[in-house]
Amino acid sequence: HHTGYNPIGNLYLCEDQASTTIIIYDLILKMNVAISPLIATALYTGIIGDTSYFSNNNVTPKSLSTAAILLHKGADLKLINNIFRIKTFDVLKLINEIISNAVLNKEYHIIYTVLLHEDLERFHLSYDIIDCIMKELKNIKEAEIAFLFIESKNDTKIKVRSRGYGSMNKIMQYFNGGGHKYAAGASIDSINIYNIVDIVISRTIAYMDEHPEEFNFVHSNEEE
């Protein structure tokens with residue numbers, strides 16, 4: 001469901017939808033497959049995950065109407081809420097630590113932070129925590145753009161979210177990445193994460209200066 005990539009394989013289906021599960025839902029209808037509560041739960045979970053409970057800018061009438069139908073078909077909201085909303089104490093402690101170490105660029109309204117592999121090992125957690133951190137970052141009032149840099153054993157992954165400004169996918173294309181306009185990412189074959197942070201943030205600021213019409217909040221006279 002991310003547009004802008006080169007086709008791979010012999011069969012290629014790409015639509016600019018909020019979630020891949022919306023595309024799967026349409027395929028299921030065309031195949032005349034009955035949607036059971038189990039299928040409805042799986043599809044609804046995909047929509048919830050990609051829209052952050054319908055709070056992202058990728059929410060469309062199609063995503064809302066599809067979700068409504070899936071609820072009618074028996075999607076298990078209790079199970080889905082347990083997956084996305086219930087967090088362990090260690091998860092909350094690590095999220096607080098990562099957010100506390102975030103850097104806020106007030107001039108460009110950018111916030112960014114780093115998740116190290118050793119952080120996960122200290123708390124015995126998995127990379128599933130990434131979405132939780134991103135949700136907290138993008139809700140910080142002073143920032144319109146949020147970056148999370150994730151260190152793994154072999155590379156550094158970049159996640160970026162915007163609250164409705166700029167083309168994050170175009171910025172990530174500088175690093176062989178892509179995604180949605182306001183939600184994108186990339187993977188760089190390097191473990192020198194802090195060097196990557198400097199390069200990506202500098203490239204982002206340069207892009208913002210090159211395309212001021214996309215970022216009318218930059219250099220505003222509003223009090224921070």
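In what sense do strand β1 (residues 103-105) and β2 pair, and over how many bridges? The legends below begin with that pairing. The model is predicted: local features require pLDDT of at least 70, side-chain atom pairs count only at pLDDT 80 or more, and totals for chains, interfaces and linings use all residues. Residues are numbered from 1 along each chain as its sequence is written, and side-chain values use heavy atoms, with hydrogens and water left out.

**Figure 1. The hairpin of β1 and β2.** The two strands pair in the antiparallel sense over 3 bridges; strands are DSSP runs of E with at least two residues, helices are runs of H or I with at least four residues, and both are numbered from the N terminus. Two strands count as paired if DSSP finds at least two bridges between them. N105 has I110 in β2 as its bridge partner. Between the two strands lie 4 residues, and H109 in the turn has a positive phi of about 55°.

**Figure 2. Strand β2 (residues 110-115) and its residues.** This strand is mostly covered, with 6 of its 6 residues buried; buried means under 20% relative accessible area, exposed means over 50%, and partly exposed lies in between (1.4 Å probe, protein chains only). I110, Y112 and V114 point one way from β2, whereas I111, T113 and L115 point the other way, and all are buried.

**Figure 3. The parallel pairing of β2 with strand β3 (residues 145-151).** These strands are joined by 6 bridges. V114 stands opposite F149 in β3, and L115 has I150 in β3 as its bridge partner. β3 is mostly covered, with 7 of its 7 residues buried. From β3, I145, F147, F149 and E151 point one way and A146, L148 and I150 the other way, and all are buried.

**Figure 4. Antiparallel partners of strand β4 (residues 156-162).** β3 and β4 run antiparallel and are joined by 7 bridges, and the hairpin between them passes through 4 residues. F149 has I158 in β4 as its bridge partner. I158 in turn has A186 in β6 as a bridge partner. Strand β6 (residues 183-188) runs antiparallel to β4, with 6 bridges joining the two.

Figure 5. Contact means heavy atoms within 4.5 Å.

**Figure 6. The crossing of helix α2 (residues 37-51) and helix α4 (residues 77-85).** Their axes come within 10 Å and cross at roughly 40°. Axes are lines fitted to C-alpha atoms, for helices over the stretch in contact, and angles run from 0 to 180 degrees between N-to-C directions. α2 and α4 are therefore oblique to each other; angles under 35 degrees count as roughly parallel, over 145 as roughly antiparallel, 65 to 115 as roughly perpendicular and the rest as oblique. T41, Y44, T45, I48 and G49 in α2 meet L77, L79, I80 and F84 in α4.
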